[in-house]
Amino acid sequence: RKRIAVMTSGGDAQGMNASVRAVVRTAIDHGCEAFAVLEGYEGLIRGGEYIKPMSWDDVRGWLSLGGTAIGTARCLGFRERKGRLTAAHNMIKSGIDAIIICGGDGSLTGADLFRSEWPSLLEELVSTGVCAAEDIAGHENLNICGLVGSIDNDMCTTDATIGGYSSLQRICESVDYIDATAQSHSRAFVIEVMGRHCGWLALMAAIATGADYLFIPERAPSPLSWGKEMCDVVERHRNNGKRKSVVIVAEGAIDDQLNAITPDMVKDVLVDKLGLDTRVTTLGHVQRGGPAVAFDRMLATLQGVEAVEAILSQTPDKPSPMIAINENKICRKPLVDSVALTKSVADAIDSRDFDKAMSLRDPEFIE
Ligand code: ATP
């Protein structure tokens, strides 16, 4: 019987529990044994009780549960070959044939590296006497599959990541609350939302809440003009009778000289140039909290099922899959390509080549 493990890694995201539930139950339904690796790659390195057999009942009620019940971690050890060697040994010891990793681009980069190193890790385990040749028989290929769990919606080749819409919902609810008090006192609020290389959360939140102005990494303004441009818009809205002003700032917002645009800088401009009573609100970890919205529960479930089916139909000649959603269809993409493309986009944003970043994300993009 195939032994399939599931792990959540990197920042937690709503819907991760739903994906673990779907993987565990689909694996059992296909006659496999299901395992959870606790605490992300940390659990793979620690082994033993961190690799836990999972039954159908273990995941009961997880569909709507926020966070990740099997734990997640940022694990420095897995970035080193030594850590990955221990992880490989633990997988062999527990007889795990395949692993499904639900995490962001970092986690899936780690997964891809682990798969590419796998033959040399096995070789080292045998040549150093840690494993006997017969121990590794049947484990020659590492069977992995990626599920994209991240609130940032920053992975290329998929339209949505598990957690993105829940986080967006949390942001919109928070902005609605702030709107009420801003309106009462006729104040301006500068609201910082998550998103380092990707302004999706900030952009969609601005559209969905009707914010007055927005700063995202992908549209870096000139340091000489962004203050005036913002104030012109905010002032126009005020002159049209609006009593409140909301400016959303993605945490990775920069100007086109790569200087950070921080919420405090934006606040100072609104105070100095328009004389507005201005407050800063950093939404922080609230954005990761609460239950997954219906879309994420559905996405996580359909993709969890697909991940197990992808694992069961995997052959050594096929690239490891990442489960995506494109134009409302659940589909498989080569993990290595998705990870590489996502990294190229982040690099292009870091080097201020915004048009390149946009056209990499969407080849049909036209300025
Ligand atoms: P989020 O989108 O929420 O930030 P993420 O998966 O991108 O999630 P990271 O902290 O980047 O979060 O990665 C999670 C873990 O994956 C790291 O702590 C590390 O253990 C592993 N990892 C990330 N990048 C690599 C890499 N290049 N090589 C090996 N392991 C990596």
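User: Which residues is isoleucine 100 in contact with, leaving aside its neighbours within four places in sequence?
Analyst: In this predicted model, isoleucine 100 is among the residues with the most contacts inside the largest nonpolar core. Two residues count as in contact if their C-beta atoms lie within 7 Å. Leaving aside neighbours within four places in sequence, the contacts of isoleucine 100 are Ile4, Val6, Val23, Cys145, Leu147, Ala307 and Ile311.

User: How many residues does the largest nonpolar core have?
Analyst: Those with the most contacts inside this core include Ala5, Val23, Val193, Ala202 and Ile248. The core's total is 112 residues.

User: Is aspartate 152 buried or exposed?
Analyst: Aspartate 152 sits in the loop between β5 and α6, and the "active site" annotation of an unreviewed UniProt entry covers Asp152. A residue is buried if 20 or more other C-beta atoms lie within 10 Å of its own. Aspartate 152 has 26 C-beta neighbours inside 10 Å, so this residue counts as buried.

User: Which residues is aspartate 152 in contact with, beyond four places in sequence?
Analyst: Neighbours within four places in sequence are left aside here. The contacts of aspartate 152 are then Gly104, Met194, Gly195, Cys198, Trp200 and Leu201.

User: What separates the C-alpha atoms of asparagine 153 and glycine 104?
Analyst: Asparagine 153 is in the loop between β5 (143–148) and α6 (164–185). It is buried because 23 other C-beta atoms lie within 10 Å. Among the residues asparagine 153 touches are Cys198, Trp200 and Leu201. Along the chain, asparagine 153 and glycine 104 are 49 residues apart, and the separation of their C-alpha atoms is 8.9 Å.

User: Where does the largest share of the shell around the ligand come from?
Analyst: The shell residues divide into 4 nonpolar, 10 polar and 4 charged. Of the 18 residues around the ligand, Gly10, Gly11, Gly104, Gly106 and Gly110 come nearest. The largest share of the shell is 6 residues, and these come from α4.

User: How far apart in space are serine 127 and aspartate 112?
Analyst: Serine 127 is found in helix α4. It counts as exposed because 9 other C-beta atoms lie within 10 Å. Serine 127 and aspartate 112 are 15 residues apart in sequence, and their C-alpha to C-alpha distance is 23 Å.

User: Which elements do the buried residues of α11 pack against?
Analyst: Helix α11 covers residues 335–350 and reaches 23 Å from its first C-alpha to its last, close to the 22 Å expected. Its buried residues are Leu335, Ser338, Val339, Thr342, Val345, Ala346, Ala348 and Ile349. They pack against α4 (105–127), β5, β10 (321–326), β11 (329–334) and α12 (354–361).

User: What is the phi of serine 186?
Analyst: Serine 186 lies in the loop between α6 and β6 (188–193). With 13 C-beta neighbours inside 10 Å, serine 186 counts as partly exposed. Serine 186 is not a glycine, yet its phi is positive, at about 55 degrees.

Note on methods: Residues numbered from 1 in each chain as written. Predicted model: local features only at pLDDT ≥ 70, side-chain atom pairs only at ≥ 80, totals over all residues. Helix = DSSP H or I, 4+ residues; strand = E, 2+ residues; numbered from the N terminus. Buried ≥ 20, exposed ≤ 12 C-beta atoms within 10 Å, placed from the backbone. Expected span 1.5 Å × (residues − 1). Near = placed C-beta within 6 Å. Nonpolar A, V, L, I, M, F, W, Y, C, P; charged D, E, K, R; others polar. UniProt positions renumbered as here; feature names shortened; annotations may be inferred. Core = buried A, V, L, I, M, F, W, Y, C linked by C-beta atoms within 7 Å.
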